[in-house]
Amino acid sequence: MNKKKLRGYREFLYVLPFIILVLIFAYYPLYGWRYAFYDYKPPKTLSECAFTGLKWFHYMIDNDTKRKQLFQVLLNTFGISGLSMLFSWFPMMFAVFLNEIKCKPYQKFVQTVTTLPNFISWVLVYSIAFCVFNSTGVVNTLLQDAGLIDKPVMFLQSSEHVWFKMWLWLTWKNAGWAAIMYIAAITGIDEELIDAAKVDGANRWKTIWHITIPSILPTYFVLLFLNLANFLSNGMEQFFVFQNSFNKNYIQVLDLYVYNLAMGSGGYSLATAIGILKSVVSIVLLCVLNKVSKATRGEGFI
Amino acid sequence: MKLKKVVSLLVASTMIMATLAGCGSSAGGAAPAASDSAASTDSSAASDTAAADTSTDAASGDTMEIEVYDAAANYQGLQTGWFDKVVKDRFNIDLNIIAPQVAGDAIYQTRTSAGNLGDIVLLDSVDFADCVKAGLIKDITADLPNYPNLNGYMDQIKVYNSGLEGNNGEIYGIPTQMMNTSPIEYSQDVIYSSPLLRWDLYKEIGAPDIKDLDGLVDVLGQIQAAHPTNDAGDPAYAVSLWPDWDGNDNMMGIANVVQLTTWYGEKIKDSAILKADGKTFVPLTDKTASYYKMLKFLNKLYKAGLVDPDSGTQDWNAACAKMSSGQVYMFWYSWQVGFWNSQERLDNGTAMIFVPVADQNYYADADAYYGSGRVFGVGSGVDDAKYQKIMEFLDWYASPEGLEFQHAGIKDFNYTVGADGKFTAINDNALMDNLPVPEEYGGAGYNDGNNQINEWIVSANAINPNTGETYAKDYWASWKESTKTQMKQEWADKFGAAEPAEWMKKNNKLVISPNVAVTLISDTADISVIRNQCEETLEDYSWQMIFADSDAAFDSMWDEMTATMDGNGYQDLYAFDCEKWQPQIDAKNALLK
């Protein structure tokens, strides 16, 4: 009995560091939610500010304009996340095709070149984009020299196909990196399977279709579900650097909206309230997905 | 071996990337500056540390770093170049500039909530009052009288500080750009904003009289049609705008448009427009007021193909590069001519100069006797040694020697001193062409090493006791003599006045708004959220409206904008702002009586 108790304490000590970590980095920040219930405005401290209860939650939706704004932001978030979800097979297919390149140096070259953009910060990506796509940039100069257009096209300034363009930039930056996981999975495929298929007369397409893809599909699903859980947090750096007055209506995702509101405008309390809303929606989303997963696959993922 | 290969491959690809970025810039004259600054957020951190390293090495580790929280700066990081050298030689300090205009306003919030804004603080007066209340600013009452140069402005300093809420004679702030003339006079030759055109091009199309804004569009159209590119062959436009300054200086809306409203004697006070009579407010969203009018004017220019298509996405540096390479045919800020007018251009008549538009009357702030609205202060967190250094530095900053460096530049490089002690300007293209300064000042570019604090305790138009003339070269007898060019003569003959401000006064086209020191109330949490949402809406729509293809589209966007703004609480904001600015208006009108 005593020994058992002692062991219990010892084992508790084993997990204690992790519990502390979780408490500090996951639960302590929730304490910051209290800002949502005050009229907080720096440089005053919170204790000097008035307690206002649920005022800011009400403020978000107290008239049509604000509801429309919030709806548009949510729409953008779902649109951009949905688009990348829809094309989430892209890195997988990229990895599969990359694997089919038989010339090893060339394969390595392609892989390096496509992985590299992942390490460039979005700020630099934008400065490259600005140089290439501004009214006197490479693209406009080439098009004008070729006589295809006579007025420079303002690529960065247009409000059309914003979601798609953002997806393109994201893919350009991430595809190579995302493919790494699949390439690892492909190397794990048993050579004998492929050899056996070849003996049975399968050509290259058939090997891909019947061996490679089914073997890496579990990896794909794991990554897909991880992404689904992050559906509402599609990051903000990318949208922050690409936003301007012309495309803001379609580029402002939830994270960027919170940032613009809090950091750009000093609406800390309102931004915190929206942050809380985001967390709530995320939890609901996760539960729904879990239910769906249980219903379709027979097992949940949490 | 293998690792090396991978590394070299990575390096090679990075370089390809860099060349790709470089490619774009060589294709367009404006792009290099743009790419620099776009990357600057990243690279400034790197260059900071590099600069810090060298300075500690060089100055035997004794150099004190003073953080300057600077609402006026367009540059973030350590001051470098000749001005750094001048300051370091005298005080052995490094100025580390923190610029909300570069880093974003968020830095104000994060730093104030951390309780330390900076060692030297330069803020707009509303923020300054808030910070005093929050205890972030040091009380300098006891020490100020010991500093003779600052003490010389004690009257104005006291008037400012007595306006702080609940103040009993303590002194916290030192106003900026103070003068020693009178608060209701206007003593400069040019005003802050007026239409400025290239004289040679204006003459070339026959120097027509301009009746109204349509006439101006017409004139600009003719100029651009005759010269679609600058001499180097890069495309040139009548106007080139930039979005970085939007919403600054207590004025809602696109900074460029906001400035243009002063051409009709109106002045934007946050969300309200003060009419030319100096008494009545109208909402910014009023279709008959000047914001709509000037936005429409820019849209007309756009429809005539006269607006630089990069206007909405380029930054200030890119816009400046275009100004100095002659790719812009109309300026409207008085400082813009610094990027173009040189002695040579004044001589051969290619300089920019004010050309009146008949139906306009221009708004100008009177001499900044009580200061221009921004305030210097000392952070409450500094220790005694640092405090001493800061006060010494600020005193020098307000001294004739300091002011000569700030406003006139380097002796024997920017000006020479004659036998009578008066100054004569030389190398007046130093700023524009970033000329290398003499070796004793480090030899780097003049513009690169220019004073990045970008705000002055004493105005450039105050009188320098050493010379009996202003600090700014524009009013030196020698400068006036040398700028009496043929172009100036032609201008004077045509308009019947020696200088633009004189012409405006003579023709009763100048609305002078007296200088007063009134501390305004700061926003409540509700109002600040409303203000920022309205501002964002206003700016986004304004930019889209400038680039609207038809009047119908323009007007429907305007209506959509006002509806959205009203939905975000614009009416409350307008009521708040009218109340906020009324004390200032009352004080101004009291001075005029």
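Visitor: Which strands does helix H23 of chain B lie across?
Guide: This is a predicted model. In it, helix H23 (residues 570-592) of chain B lies across S7, S8 and S9 of chain B.

Visitor: At what angle to S8(B)?
Guide: H23 of chain B runs at about 40 degrees to S8(B).

Visitor: What sort of sheet do S7, S8 and S9 make?
Guide: An open one, of three strands. The order is S7-S8-S9 (chain B), and the pairing is antiparallel. Strand S7 (267-269) and strand S9 (281-283) of chain B are the edge strands. Each of them pairs on one side only.

Visitor: What's the twist?
Guide: From one strand to the next, it averages 35 degrees.

Visitor: How many bridges join S8 to S9 in chain B?
Guide: Three, between strand S8 (residues 272-274) of chain B and S9(B). The two strands run antiparallel.

Visitor: And which residue in S9(B) stands opposite B:Leu274?
Guide: B:Phe281.

Visitor: Switching topic. What are the domains of chain B?
Guide: The domain assignment gives domain 1 (60-182 + 370-475) and domain 2 (193-365 + 483-592). Their C-alpha centres lie 28 Å apart.

Visitor: How many residues does the contact take from each?
Guide: 15 residues from domain 1 of chain B and 13 residues from domain 2 of chain B.

Visitor: Which elements give two or more residues on the domain 1 side?
Guide: Helix H6 (125-133), helix H8 (154-162) and helix H17 (430-433) of chain B. H6(B) gives the most to the side of domain 1 that touches domain 2, with four residues.

Visitor: How do the residues on that side of domain 1 divide, nonpolar, polar, charged?
Guide: Eight are nonpolar, five polar and two charged on the side of domain 1 of chain B that touches domain 2 of chain B.

Visitor: Back to H6(B). Which strands does it lie across?
Guide: Strand S4 (120-124) and S13 of chain B. H6(B) runs at about 125 degrees to S4(B).

Visitor: What's the strand order in the sheet with S4 and S13?
Guide: S2-S3-S1-S4-S13-S5 (chain B). That is an open sheet of six strands, with mixed pairing.

Visitor: Which strands are at the edges?
Guide: Strand S2 (77-78) and strand S5 (174-175) of chain B, each pairing on one side only.

Visitor: How many bridges join S5(B) to S13?
Guide: Two bridges join S5(B) to strand S13 (residues 374-378) of chain B, and these strands run antiparallel. B:Ile174 has B:Phe376 in S13(B) as its bridge partner.

Notes
Residues numbered from 1 in each chain as written. Chains lettered and ligands numbered in written order. Predicted model: local features only at pLDDT ≥ 70, side-chain atom pairs only at ≥ 80, totals over all residues. Pairing = 2+ DSSP bridges. Axes fitted to C-alpha atoms, helices over the stretch in contact; angles between N-to-C directions. Contact = placed C-beta atoms within 7 Å. Domains from an automatic or database assignment. Nonpolar A, V, L, I, M, F, W, Y, C, P; charged D, E, K, R; others polar.
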